[in-house]
Structures are given as C-alpha cells and as structure tokens.
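Please look through the sequence and the model below before reading on.

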Amino acid sequence: MTRECALLLPRVCAALADPRQPGSDDTCLEKLLDWFRDLAEFDPTVKLVQDNPCLTEFIASVLALPEPSPSILSFTLRLAGILAASENRFQHLQQEKLLVRLFGRDGPLNGAVWEDASVRSGWVEGVHSMMHHQPALHFLCNGGGIDVIFTLQGDPSLFVASAASQLLVHMLTLSVESETTKPLSTKDCHWPACAQMIIKRIEDSLQSSSASHIEWSLKLLTRLFGSCRATWTEVLWLGIAKQIESFLTEETVQAQHMLANLLLNMAWSPVFCDTEGNFWALVTSALEHLTPVQAGPLAVGILRLYKCPQDVRIQALTVLLQPMDCILRAASQPLEYAGLLDESVSDPITVESLLSSKSSCASLLCQTLAHLEELLSLILLPVDLPYTSLLRSLMTILQFCNGFLSPASPLGSTISRILINCFRVQRSALDVLAALLERKRYDTLIGSLFDVLLAYLESPNTSPTVLKKTFQATAKCLVRLQELSYSNSQWQQAEKKILEDVFLVLQKRLCSPCWEVRDSSLEFLTVLIKYLRDKDEFRQSLLSSEVPRLTEDLLEDPESYVRASAVFAVGQLAFITYFDPESPVIGNQYNKENTIAKLQEILSTDPEGFPRRAVIRIFTKWLREGCTGQLEDTEQFVSRVIQTVEHDLDWEVRLGALELVEVFCIHTICELGLPKCPYAPVSSAVTSSIHQNEWLQIFCRAKLFSFLFRSLCDCDKPVGQKACKILLALRGNFYPISTLKDSQEAGDSPAGHGIAWLQRTLRQGSLAQNFPTDGGNGVDFQDPESMVLALGTIDLEELHDELNKSSDHVEKSPQSLLQDILATVGTIEENEADCY
C-alpha cells in the first residue's frame, strides 16, 4: 500500500463512522468502494487488515451505532464482503466476530433498518463479493443464509431480487466446482453439502403450490443454464425434468410463460443441444402446448440455432408462420393462392380466436412480425422461407389496415375491422416487407405491391411514421423495377406510369402542413436520386415534375430538420441538374450559382446546426466526386467555406469543414502528380520541389494552414484530432522520411522565432485565443516558407498523443480521487490537511 493510502485510511474510516454524519452521497460512496476494491486486489494478503486496524474498527463502530444510516450500513456490508473475498482476511474478520454480526442472524436481518432496500442490496452484494472460497460458502450455508437469499428472490426491489437469484447461481456453481472430487450422479449423496441445500430448495419450490416460489426457481434455473455450461448441469436437470414437463400440461400451474426462456438457454448450451434425447422432445412439447404468444420467442430462438434437429426446426418455423398463414386464409374463401403451411403444430382455432379478438390481434401480429424481421436479419437463414406466400400475407395485412380489402370470410371481416388504421401493425409489416425486399426478388408481384404502397402514399390517413416506412419500402421496389425494365418492354411502360404516380404523390407530400411528412418526403427523394440518378426514365420523370422546384423552396422551411433534409436532397439533385453532362436539363431552368449561393447562405446564417452540417456534408460530397470545377475554382470554393466555418459554434460543422479540407488536399496532391494516398511519406526521389511549391501556394492562398493550426487547439477534441491527422499527412508529403530529421535545425532561420512561439502556444492549447490575424509574432500562415518550416519543426506526434489521451488520465489521477474522498467524508480541516 502506498504511503498516501496508509495516511488516508484512518481519516476516511473515522469520518464515515462519525454518528453525526447523516449519510453520504451514493455516487461518492461507490467511488470510495471502488478505491477499497483496488486496494484489496493490490494487497490480497491479511496484512491489509492487520496493518490497518482502522478498517475493522470502522466496521465495529458502525455496528455499535443504535441507528446507523442505511447508506453507511450498506457501504459497510459491501466493504466487509470485499475484504472477506480473501480467505486469510475472511478468517481474520471471523476471529473479530464481525462477519456474523453483519451477515448472520443477529445482524441487520432482524433490525428495522432491513426495511431499507439499500441495506438488503448491500447485504446481497457483500455476500457475493466474499463468495470466492469454501469457508465463506460454509459460513453462509451453516448460518441460515440460504433461506435469506431464497426469500430475497421475491424482494419488492427488482434489483435485490435479481441480485439474490444471481448469488444463488454463483454459490451453487462454487460449491459444485470447488468441492466435487468425482463425477456427479442423480443421487444426493454425491452433491456437496451446500449444493444439496440449494438444490433441495429448488426442488421443493418447483413442487410447491406457490406460484411465486415456482417462478423464483424457474428464473434461477434459467440464469443457471444460461451462464453455466458444465456437464453437471445435465445431472441437475435430470432430477427436475419431469416436474418442469408437467407445467406444460397442468392447467392449474401458471408457469408456462417462463418456460420459453428456460428452454432457450438450455438449447444454447452444448450440454443439451448435442443430445438426441428427452430435451428436444420437451422443446417439441413446449412448441405444441404453449400459447402462440408464449411459443413465438421460443420458436424464433430455436430457428437461430445452428445445432438443432431438423424436425424441431421445421416445427418452430411452423409455429412462427401460423398467424401469417391464418391471415392469408382469412382474406378469401376459398383460398385464392397457396397458404404458408401444409399443416399446423397446434390447433388453428387457437390462432384464429386470438386474431379475432380486439385485445390480442394486434399484439400477436406485432410479435410475429418482429420475430420474422429478426429472422430475416440473419446473414444465413437456417430454414427455407415460403417467400412469395409470406409477401402475399404482408400485403394482405397492409390492406386490412387501410381498409382496401373486403374479405369474403367472416374471420377476414373481423380481422379487417380490428386492424383498420392500426399503426403498430402497419409499421411492423412495413419493416418486414423492407427486409424481404432486401433478400428476395418478386418479379411477378411487383405490380401488386406498388398498388398497395401507392395506396398508403396517397391516403390522408397514413401516419407520418407509417409514411416514412412506406417511402423506404417504395424506394427498394423502384430500384428493383429499374432492373426489370432493362430486359422487358412491358415493364418499361409500367415503370413510366409508376414513376409518374410516385412523383405526383411526392409533390403533394412536399407541401404537407406536417413537417415530419415533408422531412420524410425529402429523405425519400434523396435516396431515389442516390440509386437511380443514372437512369434516363427516372431523370426525365423527375425533371418533368414540380419536385425539384418544391425541393429548393424547402431550403427556407421554418423547421430546421426539413431544411437539413432539403439541403441533402438539393445536393443529390445537383448531380442531375448541374454536374451531369448528359443531363436532359434544357435551358436555364436550374441555376447552379444561385443554388450554391443559397447553400452558402445557409452555412453562414442558419441559426440551427442541422442545416449547416448538411451543407458541409454536401459540399464535401461534391468535392469528393470532382464536381466543383477546375482547380482554381475549387481553391476559391474551399477558401470561402473554411472562412465561413472557422468561427462556427457547432463543432460538427467545424469537423465537417476539416473533412472538406482533407478531400481538397488529396485531390490537389493527386492532380499535381503524386500517388493517390497522401498519408504515406514519399521518398526524396519522387518529391518534386516544383510540385511542392505549387501545393504550398495553393494551400496558403486557400488559407488552409491558418484553419488547421487554429483547429489544433479547438475546445472540442475531435476537431483537434482531425486537424492533427491532416497536418501529419501533409508533412509526410512535404518532408520525405530521409529529410524530416534535418528540418529540426530550421529554427535558426529568420522565421524560426515565430515557429517557436507557435509550438509553445500549441503546447499550451491557447492558439484559439492568441491567434495572430496580422502576421504578429513573426508567423505568416500564408507564407509557404514559414508553413514548411512549421511542419518540419513542430512536434506533431506529441500533439497527436496528447489529443488522443482519454479523460481517464485526469479523472483517475490521485488528486481527483482524493477530492472525491473528501467530498464523501465531509470537508473537515483535519482530513484536508492529511489528504493534501
């Protein structure tokens, strides 16, 4: 232990035990506990408590208080557990009779303070901390602690109840793995004593008539099988399997809802998933007997497994698809298309009754759709889905929800009445639809699908959230439609009509009084242009509509989110209207300079950060794709942008400007003849002084260096990190590896004094406050010679390392820790003098 800790411990303990202290801040106590935990790990021997009797004196003094503060008592319980984690320290605390007074029958268990949840939590956490050796295990088991922990599983505090269940798992595992000398069997005599006590309590609870006791034990078993993969868990399971199986068929026991998680955790364990015996038979029985709501999570969990019998996997898929099959069959009588299933696992009437009930229909469908989306998100599907029938079922659900389907069957009519305008189901169905479109081609159904989606886009009853998801699905369909139209003239005609309909709807939506609708419409347009801007039919349909004009008008929208989305849309639109030499645009309908001026005005004057960030991102995208003209034009463009942005209050805007600068540097260096990667230092053989002079002049004229050096001291670390990265990359080009070291002597040159000032200022992090605007201090940021000297002289690696330090090196410093401790124990003069 360090000398500072040794001096500090007595004062901390004395202050915490002071009965005049009403209690301490919980956050500070947590930090103090972390400090004690570090001390205990640093010195795991008994010397920690022998050489520092103040620790045991503190525990004794808290126990002697007639009414200790709950927070201090909870702290003491946890501290004692940390100290007792070492077997030697445990024995020492036992000899002092402290542990029995804290965790035994005569401790806080029987006092009024036990009513406080923080004390019960401290007791459980303290016990858990000390459970690292057999003496602690026997101490608790022999002292009645098992009964206390089992009772705490039903604690009104969910945190305490969960911690108690976790503690029992830990104790059972510790007992079996530290005290077993030979392989276990189902006979009790082979289990260690502590393990026998816990298992006996589990078995008694499972066989009791108390629903809460059964629930506690099922939760405990779920946690055990989820965390422990040892072979002895199978021995435990064989002793309780019959009882668990009976819960599936006994109507008087309401424990079925917990069985899905239990069986899933077991299925993930190699102990059970590799067996061919009773376990998978039980899973099959569960899929058959659980309600559709209860069986759904089990079914999708089973389908995610790689090791699973094929018949069980098929049964799980059948359970998952049964509600979707019922929807499809309810849509028409007789069934117009093939259903999803040939046969059901459970009685179809059960699913039909749930779907015909207003209280359960939407919930069952939303759960089923969520499981399907989860399954479709897997890279490799373990089963073959009936994709076409599934898509028909989704379309049917969407038509039920907007009232565009009039089913002939009584069940279909009931479901339709329940689902009309049900936003929850609409959102879920559209999510699954988008996932399906990512995975599978639907050439024959694409027309019908567009009819359904267009109905949603046109309907005034479509909520903004549902409309957003409809736009996303429509974009995926339009991309697919473009692929079809290449090879089929019939699809070319259909495509033209669909695009016209889409842009008519989009024109109306861009004028919506609801800002969320305008925002979603702009996002939809941006996505369409991104993926379809090279398609002639798309460009012609877009430019013959009012959409481009309305989009530019929304640059002045009163809502900042809409203005930002309009910036992105206009930025994408520019690839068609301005930058594409083959664009069908005729005449002066679109003015490039006017649009750029509008965006620059937003960048300089918009009061909100979102539109300004959007402008920077669009400008960077244009520059990256080489759309800003000749090098001279680009230089002026970049210079104007960074001069506008350098004082922006939004750090993300300033960071975006640095990304713009980085792209400009890469393009400039590549255009003047260097390799495409400017981050690799070049050799002197390929470094051309002529080219170097050109780069320097361009970068200095554009005022890049003043912007980069100012950004190094930005109050937001990501900005400084990015600026340092760019300067390091530039130095790699201006200074070949062989000559970089030689440049360190350049401080003797006429500009050296100013560079020395610059380096000192950068180290102090004060450049932003002392930045010379008129060449003061001998630094001219537009002078190529001075900038070459700065790049070669300033220790950019040191600045880079400093900028990359996390805040932990300050927060975890000794001074910071002492300040926290002072705040915990109370700022009294004695402590302050000792600490400092």
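Over the ring of which residue does the charged end of Arg201 sit? The ring is that of Phe150, and the charged end of Arg201 is 4.6 Å from its centre; a charge is taken to sit over a ring if NZ of Lys or CZ of Arg is within 6 Å of the ring centre and within 35 degrees of the ring normal. A further case is Arg533, which lies over the face of Phe575 at 4.1 Å from the ring centre.

Before going further, note that this is a predicted model, in which local features need pLDDT of at least 70 and side-chain atom pairs count only at pLDDT 80 or more, while totals for chains, interfaces and linings use all residues. Residues are numbered from 1 along each chain as its sequence is written, and side-chain values use heavy atoms, with hydrogens and water left out.

Taken as a whole, the protein has 46 helices and zero strands, where helices (H or I, at least four residues) and strands (E, at least two) are DSSP runs numbered from the N terminus. Of its 836 residues, 54% are buried; buried means under 20% relative accessible area, exposed means over 50%, and partly exposed is in between, with a 1.4 Å probe and protein chains only. Among contacts (heavy atoms within 4.5 Å) between residues at least 6 apart in sequence, 71% join residues at least 24 apart.

The interior comes next. A nonpolar core is a set of buried Ala, Val, Leu, Ile, Met, Phe, Trp, Tyr and Cys residues joined through side-chain atoms within 4.5 Å, and the largest one here has 274 residues, of which Trp123, Ile302, Phe699, Phe705 and Phe709 touch the most other members. The largest share of this core, 12 residues, is supplied by helix 19 (residues 310-331). Apart from residues up to four places away in sequence, Ile302 touches Leu264, Ala267, Trp280, Val283, Cys308, Val312 and Ala316.

A pair of aromatic rings is described by the distance of the centres and the angle of the planes. Rings of Phe, Tyr and Trp (its six-membered ring) pair if their centres lie within 6.5 Å, and planes under 30 degrees apart count as stacked, over 60 as edge-to-face and the rest as tilted; by this rule there are 18 aromatic pairs. Trp114 and Trp123 are an edge-to-face pair, because their ring centres are 5.9 Å apart and their planes stand at 85 degrees, and both Trp114 and Trp123 are buried. Phe471 and Phe524, by contrast, form a stacked pair, with 4.5 Å from centre to centre and 20 degrees between the planes. Because Phe471 lies in helix 26 (residues 464-487) and Phe524 in helix 28 (residues 515-532), this pair ties together parts that are 53 residues apart in sequence. Phe471 counts as buried at 3% relative accessibility, and Phe524 likewise at 4%. Elsewhere, Phe225, Trp237, Phe272, Phe279 and Trp280 form one aromatic cluster.

How many disulfides does a search of the whole structure find? The search finds zero, a disulfide being taken as a pair of cysteine sulfur atoms within 2.5 Å. Among the cysteines, Cys141 is buried with a relative accessible area of 6%, and Cys627 is buried at 12%.

Finally, consider two loops and a helix. Lys97, in the loop between helix 6 (87-95) and helix 7 (99-103), has a phi near 60 degrees, a positive value in a residue other than glycine, and counts as exposed because its relative accessibility is 56%. Asn421, in the loop between helix 23 (410-419) and helix 24 (423-439), also has a positive phi of about 60 degrees although it is not a glycine, but it is partly exposed, with a relative accessible area of 38%. Ile420 is found in the loop between helix 23 and helix 24, and its C-alpha is 4.2 Å from that of Cys401, 19 residues apart in sequence. Beyond its neighbours within four places in sequence, Ile420 is in contact with Phe400, Cys401, Asn402 and Gly403. Asn402 is also in contact with Ala455, as is Phe404; Ala455 lies in helix 25 (residues 446-458) and is buried, with a relative accessible area of 11%.
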